[in-house]
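Dear colleague,

I am handing over the structure we spoke about, and I would be glad if you opened it beside this message and followed along. What I found in it comes after the structure itself.

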Amino acid sequence: MTDTVEAIEAALRQREWVPTGNEQDLGGEFLLRRGELQKHPRPAMPVRPEPWGPWTTQYLAWLTDLVGMADALIDQWRSRCPSGSPMVTLLRAYVAPARPFGPLAHHMERAWLADPPVLPTPDEVMHHAERHGCSRAEAERTLGDRAVKAWEDGCLPVAARRQIDDVTRSMINTGSVLATAVIGDAGH
């Protein structure tokens, strides 16, 4: 967590900053839109079984969309929540770590659209199902997951994966402060 976010969290906890209605509305709208973006992952890829969530390629595209959405939302709310508002600062801090991933997200999405992995043939699915005693649907999911994972592993540098993990942790921490500010419960 950045020093700025920690300072906002402390101010929130100590009631030195009590979000205004407009600040709570802005944060709430951001969280709502963030959730909506998660419902429509892109590019279209085979669905991963729970609890895995979207593919890394889709996560990167979501990060890029999230940054654009946050920027547009902050601009729309400029008259009701000026740039010095702690809520605006939180929103900017939330998406800041994701900004550098725009080029990688575009690269991965273009690569998927231009040259996606070869998914299993019906014969491969049937052979896998018979060999492992599972349903055809389960065999297709397993083989498809392996193909997409191998494709992502081949396209995505290992260093980028580590950076994505760091960004995710940062966003989770900042998101927690943001949610607390929106909900209005700072532990009191």
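What is the volume of the largest pocket? Please keep in mind that this is a predicted model, and that the largest pocket has a computed volume of about 200 Å³. Its lining is made up of Pro 54, Trp 55, Thr 56, Tyr 59, Leu 156, Arg 161, Ile 164, Asp 165 and Thr 168. Two elements, helix H3 (56-76) and helix H8 (158-183), each give two or more residues to this lining, and H8 gives the most, with four residues. Sorted by class, the lining of the largest pocket holds five nonpolar, two polar and two charged residues.

The second largest pocket contains about 160 Å³ of space, and the residues that line it include Gln 38, Met 45, Arg 48, Glu 50 and Gln 58. Pro 54 and Trp 55 also belong to the lining of the second largest pocket, and you will find both of them in the lining of the largest pocket. In the second largest pocket the lining divides into six nonpolar, three polar and two charged residues.

Next, please look at helix H6, which covers residues 122-132 and has Val 125, His 128 and Ala 129 as its buried residues. Viewed down the axis of H6, these buried residues fall within an arc of 100°, and so they line one face of the helix. Just after H6 comes Gly 133, which takes a positive phi of about 65°.

Setting aside its neighbours within four places in sequence, Ala 11 is in contact with Glu 16 and Trp 17. Ala 11 and Thr 180 lie 169 residues apart in sequence, yet their C-alpha atoms are 12 Å apart in space.

Finally, there are the cysteines to consider. Cys 81 is buried, at 3% relative accessibility, and Cys 134 is buried as well, with a relative accessible area of 17%. A search of the whole structure finds zero disulfides.

With best wishes

Note on methods. Residues are numbered from 1 along each chain as its sequence is written. This is a predicted model: local features need pLDDT of at least 70, side-chain atom pairs count only at pLDDT 80 or more; totals for chains, interfaces and linings use all residues. Side-chain values use heavy atoms; hydrogens and water are left out. On a 1 Å grid over the protein atoms alone, a cavity is a set of points where a 1.4 Å probe fits but cannot get out, and a pocket is an open set with protein on both sides within 12 Å along at least five of seven lines; lining residues have an atom within 4 Å of a point. Grid points are joined across faces, edges and corners, and a volume is the space filled by probe spheres set on the points. Ala, Val, Leu, Ile, Met, Phe, Trp, Tyr, Cys and Pro count as nonpolar, Asp, Glu, Lys and Arg as charged, and the others, Gly among them, as polar. Contact means heavy atoms within 4.5 Å. A disulfide is a pair of cysteine sulfur atoms within 2.5 Å. Buried means under 20% relative accessible area, exposed over 50%, partly exposed in between (1.4 Å probe, protein chains only). The arc is that of the directions from the helix axis to the C-beta atoms.
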